[in-house]
Amino acid sequence: MADFGGGELDAFRAGARAWLEENYPTSLRRGAGPGSEEAAMTAMLNPNEDQKLWKARMAEKGWGAPTWPKQYGGGGLSQSEARVLQQEMERIGASNPMMGMGTSMFGPTLLEYGTEAQKQRHIPNIVSGEVRWCQGYSEPGAGSDLAGLQTKCEDAGDHWVVNGQKIWTSGAQYADWCFCLVRTDPAAKKHEGISCLLINMKDPGVETRPIRLINGDSPFCETFFTDVKARKDDIVGPLNGGWTIAKRLLQFERDAIATGLGGGTLTGPASATGVVDYARRYIGLDDQGRLADVDYRSRLVQHRMENQAFQMTLQRAADEAKANQGPSNAAAIMKYAGAKIAQDRAELIVEALGNQGLGWEGGGFEGQELAQVRGWLRTKANSIEGGSSEINLNVVSKRVLGLPDPK
Ligand SMILES: Cc1cc2nc3c(=O)[nH]c(=O)nc-3n(C[C@H](O)[C@H](O)[C@H](O)COP(=O)(O)OP(=O)(O)OC[C@H]3O[C@@H](n4cnc5c(N)ncnc54)[C@H](O)[C@@H]3O)c2cc1C
């Protein structure tokens with residue numbers, strides 16, 4: 001849909017606000033503080049009646065994937081309208097029940113690279129939230145050096161046969177499908193023998209083993225494929241042309257992580273305002289009403305300035321993406337900066353908590369403090385997931401700044 005502004009956008013806002021007021025169940029309004037990924041996943045797997053209702057209503061509108069074409073069940077909104085919708089949802093604490101790798105990473109990539117039949121088959125199920133996707137990229141021997149992946153995909157005539165192991169597969173234990181990078185030509189140069197294959201996680205030969213993260217959750221898994229059969233038409237893009245698709249998907253991933261970190265969602269700790277609340281409560285105020293610890297105060301101000309600049313840059317990047325067909329390599333800048341800001345914020349919160357930030361469970365903790373400590377531990381992964389900070393800086397250096405490769 002064409003982007004428009006001014007009065008029409010105001011009219012859209014008024015309509016969206018009215019619809020949300022009427023359709024968002026009040027029992028779902030979100031509290032402050034970081035949520036556990038597992039708790040969010042549990043809510044997704046075992047929704048209560050109001051959660052089911054909200055999901056059904058959003059599915060009907062297509063607003064879980066607001067900018068996707070209506071022909072696949074999407075909302076058909078312009079980027080400006082989608083942003084207004086997001087603002088209106090944030091205003092009342094509403095979250096997108098379809099949020100996940102399907103809407104943020106796989107769907108946008110399939111819309112660009114999939115065949116019409118693949119889009120018809122997979123996009124509507126993502127929009128309705130019926131199908132959950134996971135990402136089968138990393139392997140025990142291939143993380144930053146992703147193109148070194150070894151999971152084998154062999155031609156067995158009328159189908160493919162997959163053997164190998166993935167690791168750190170977020171949500172694999174709950175996923176219905178996996179967008180997976182596999183080696184289809186072991187003789188070719190490493191970037192040229194990779195394909196993007198869609199694997200049904202319910203098929204025989206797929207096994208997931210959850211791994212515990214430092215914060216106590218088990219959001220990801222080791223994933224094993226043993227003689228798994230996949231349909232011939234489940235390759236996305238050209239055979240052995242998966243690297244291009246892999247890179248495009250990573251741009252969507254980095255953009256989604258950065259935006260999530262900016263918004264202080266599941267993977268990020270409390271908002272910048274949240275830090276101030278904790279600092280006031282645990283550090284206390286001087287006789288002029290300022291935070292009593294001068295050094296902490298100046299670091300908090302620095303953090304808030306960086307955060308403000310980050311939010312504004314995210315906004316600018318979103319506007320540029322609108323004009324330039326979605327996220328670009330600049331998503332690596334945002335991902336890097338977002339990870340740092342989220343980690344700094346979590347450090348400030350835990351520092352403010354003092355002794356209350358030293359425990360793990362039970363004894364003297366209030367729920368929110370413990371959640372902050374676990375949130376702080378969760379942020380350790382922010383500079384690893386979606387490509388480590390060093391790798392993102394490499395992307396910025398090569399592909400954004402055009403600097404020569406030091407090798
Ligand atoms: C919470 C979380 C969720 C994840 N979810 C998924 C998922 O759903 N699917 C999936 O496929 N993967 C997932 N990952 C894996 C993630 O993409 C990898 O962990 C990441 O790409 C780093 O790879 P690695 O762990 O193998 O580390 P390595 O590649 O071994 O890197 C180790 C260290 O060396 C540095 N390094 C490596 N190469 C270079 C270089 N060329 N220049 C400079 N420094 C370098 C890295 O920055 C890092 O500090 C997840 C990871 C985490 C933490």
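## The ligand and its surroundings

A polar contact is a pair of N or O atoms within 3.5 Å; inside the protein, one atom must be able to donate a hydrogen and the other to accept it, and residues adjacent in sequence count only if both atoms are side-chain atoms. In this predicted model, local features need pLDDT of at least 70 and side-chain atom pairs count only at pLDDT 80 or more, while totals for chains, interfaces and linings use all residues. Residues are numbered from 1 along each chain as its sequence is written, and side-chain values use heavy atoms, with hydrogens and water left out.

A polar backbone atom of tryptophan 168 lies 2.9 Å from a nitrogen atom of the ligand, and a backbone N or O atom of serine 138 is 2.7 Å from a ligand oxygen. The protein buries 66% of the 970 Å² that the ligand exposes when taken alone, with accessible areas coming from the Shrake-Rupley method with a 1.4 Å probe; for residues, only the protein chains shown count as cover.

In total, 19 residues surround the ligand, where a residue is near a molecule or strand if one of its heavy atoms lies within 4 Å of it. This shell divides into seven nonpolar, nine polar and three charged residues; Ala, Val, Leu, Ile, Met, Phe, Trp, Tyr, Cys and Pro count as nonpolar, Asp, Glu, Lys and Arg as charged, and the others, Gly among them, as polar. Strand β3 (159-170) and helix α12 (389-400) each supply at least two residues of the shell; helices (H or I, at least four residues) and strands (E, at least two) are DSSP runs, numbered from the N terminus.

Helix α3 (residues 49-61) has 13 residues, which at 1.5 Å a residue should span 18 Å, and its end C-alpha atoms are 19 Å apart, which agrees; the expected span is 1.5 Å times one less than the number of residues. Asparagine 48 caps the N-terminal end of α3, with a side-chain oxygen 3.1 Å from the backbone nitrogen of aspartate 50. After α3 comes glycine 62, whose phi is positive, near 75°.

Helix α10 (residues 331-353), with 23 residues, reaches 33 Å from its first C-alpha to its last, close to the expected 33 Å. Glycine 354 follows α10 and has a positive phi, near 60°.
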